[in-house]
Amino acid sequence: MSTLESPPDPTRDEDALRALLHRWLFEHDPVYLLSAMLVLAGLWLVSRDMAEVAALGGLGVGMIAELYALALIGGAAFLWRRHERRAAVMLALLAAIYQCDPTLQVELFSFVGPIGIAASGGWIVLFVVKLVALARALELRVSRSALIVPVIGALGLALLPQLFRGSALELRTSLTMLWLFALGAAALWTSRRIESVRGLDVRGRRALTGTWALWAAGALAHVTYWCAELRVSPGALVAAATLLATRWAPREREVWGIAGAALAGTMLIAPSQTWCVALMVACVLVLRAWRAPDARVELVRAPRPPYRSIDEQDVHELAVGFAPAPQIARRRLLVGALASVYLALWTFDHHVRGLPPHELVLDVALAVLCVIAARRWRAWTPLAPIALTSAHAAVERGWLVAPRGSFEWGAASIALGFALLAAGLAQAARRARGLAPPG
């Protein structure tokens, strides 16, 4: 049986095209985006000629960019008060892009001496002013962490290029690595809560997510420029990103595995950065001890979502909070953090593969802190760093050498077997005491 198809209706196609053009040209007004693109292109073109005339000429380009950013924020406030929410959010997103200094003026400030230092300081102050003004323009309540994270990013963008001048390649890489880790840790281990006076629908939450994504892309763009033009090693990105990935590690052993792999890889590939990575490992372990991820499902009621969104009115969201790790795990993590700080101090300014000679002051300080922790917690776990450092010191001084010949290897194997048997029995006795009913 054949089916008859109805002829196409040209009026229906015209209505769809008219609706599409109305959405593009009126609802999604492209004038603001075109304006931002033209200003940015003009700034890039002007900056090339002004840089050839004089280094100070580039400061004028930065002033024009900041003036346009302030105009965007003012326009967003004006549109928001006139209840044109969609256009106001568009201007706010464009202002967020200009917050990241897309013209790379902060790098130019590092080449003009004291005037550039003053300009960098002024840029930081203006960044904070624009950040607060942007929140007020859209009537947003911003938590302390949501303000601190972008300020950390601005401090790194403005200050690091100034510190790069006259510094060695290794120091530039270390500073970049520590800043990236601090910025990422502040963003990943805090709530960064932002609320609207009028409530946030699905589109508002998407705009907030897009703003954080834009700022992250802006920071990475500056770091990419530093790697290409200011001789910063790209390894800074790899090490920091690897340790920040522990934020999503569901189990403690995965955190230890990632941290150990990062340390081992750094000691083999870039030994001069061992102290830096060890310091970041200590921070990761402390964060895991006190702010372990704690997932919970929350019910978020939002008004009916706008165009091109989900249809449900009640939206279930997985809100990830933070809670301290269990007591035993927390103690292990804190002991590991203490050992990592010791390793960072021990390997500071060490540039060859392997570990440097032991320093008596550091060894004694580590031993005292570990013994205090062991007595306070009434546990043997804090003594593990003492055993490891003592064994390494004994090997270094020749007091402990590897067995030679089958007899010595056999004797060592027998002694280790007895030691493991004794350790297993002691652990079983300890568990039995814990399970025994009170007398």
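**View 1. The second largest pocket of this predicted model has a volume of about 560 Å³.** The model is a prediction, so local features need pLDDT of at least 70 and side-chain atom pairs count only at pLDDT 80 or more, while totals for chains, interfaces and linings use all residues. Residues are numbered from 1 along each chain as its sequence is written, and side-chain values use heavy atoms, with hydrogens and water left out. Of the 24 residues that line this pocket, Ala339, Ser340, Leu343, Pro385 and Leu388 are the closest to its centre. Helix H11 (252-269), helix H12 (274-290), helix H13 (327-346) and helix H15 (384-396) are the elements that each give two or more residues to the lining. H13 gives the most, with 8 residues. By class, the lining divides into 16 nonpolar, 7 polar and 1 charged. (Pocket: on a 1 Å grid over the protein atoms alone, an open set of points where a 1.4 Å probe fits, with protein on both sides within 12 Å along at least five of seven lines; lining residues have an atom within 4 Å of a point. Volume: the space filled by probe spheres set on the points, which are joined across faces, edges and corners. Helices: DSSP runs of H or I, at least four residues, numbered from the N terminus. Classes: Ala, Val, Leu, Ile, Met, Phe, Trp, Tyr, Cys and Pro are nonpolar, Asp, Glu, Lys and Arg are charged, and the others, Gly among them, are polar.)

**View 2. The structure holds 1 cavity of 30 Å³ or more.** A cavity differs from a pocket in that the probe fits but cannot get out. About 30 Å³ of space lies in the largest cavity. Look for Trp189, Thr246, Arg247, Val255, Val284, Arg288 and Pro293, which line the largest cavity. That lining has 4 nonpolar, 1 polar and 2 charged residues.

**View 3. Helix H8 (residues 169-188) packs with helix H10 (residues 235-244) at an angle of about 30°, their axes 9 Å apart.** H8 is therefore roughly parallel to H10, and their crossing is right-handed. H8 brings Thr173, Thr176, Met177, Leu180, Phe181, Gly184, Ala185 and Leu188 to the contact, and H10 brings Ala236, Leu237, Ala239, Ala240, Leu243 and Leu244. This contact has 11 nonpolar, 3 polar and no charged residues. (Axes: lines fitted to C-alpha atoms over the stretch in contact, with angles from 0 to 180 degrees between N-to-C directions. Angles under 35 degrees count as roughly parallel, over 145 as roughly antiparallel. A crossing is right-handed if the near helix is turned clockwise from the far one by less than a right angle, and left-handed if anticlockwise. Contact: heavy atoms within 4.5 Å.)

**View 4. The axes of helix H4 (residues 85-99) and helix H9 (residues 202-229) come within 9 Å and cross at roughly 15°.** The two helices, H4 and H9, are therefore roughly parallel to each other, with a right-handed crossing. Arg86, Val89, Leu93, Ala96, Ile97 and Gln99 of H4 make the contact with Arg203, Ala207, Thr211, Leu214 and Trp215 of H9. Sorted by class, these residues are 7 nonpolar, 2 polar and 2 charged.

**View 5. H4 and helix H6 (residues 113-137) have axes that come within 11 Å and cross at roughly 165°.** That makes H4 roughly antiparallel to H6, and H4 passes H6 in a left-handed crossing. Here Ala92, Ala95, Tyr98 and Gln99 in H4 meet Trp123, Phe127, Lys130, Leu131 and Leu134 in H6. The contact of H4 with H6 divides into 7 nonpolar, 1 polar and 1 charged.

Terms used. Angles under 35 degrees count as roughly parallel, over 145 as roughly antiparallel, 65 to 115 as roughly perpendicular and the rest as oblique.
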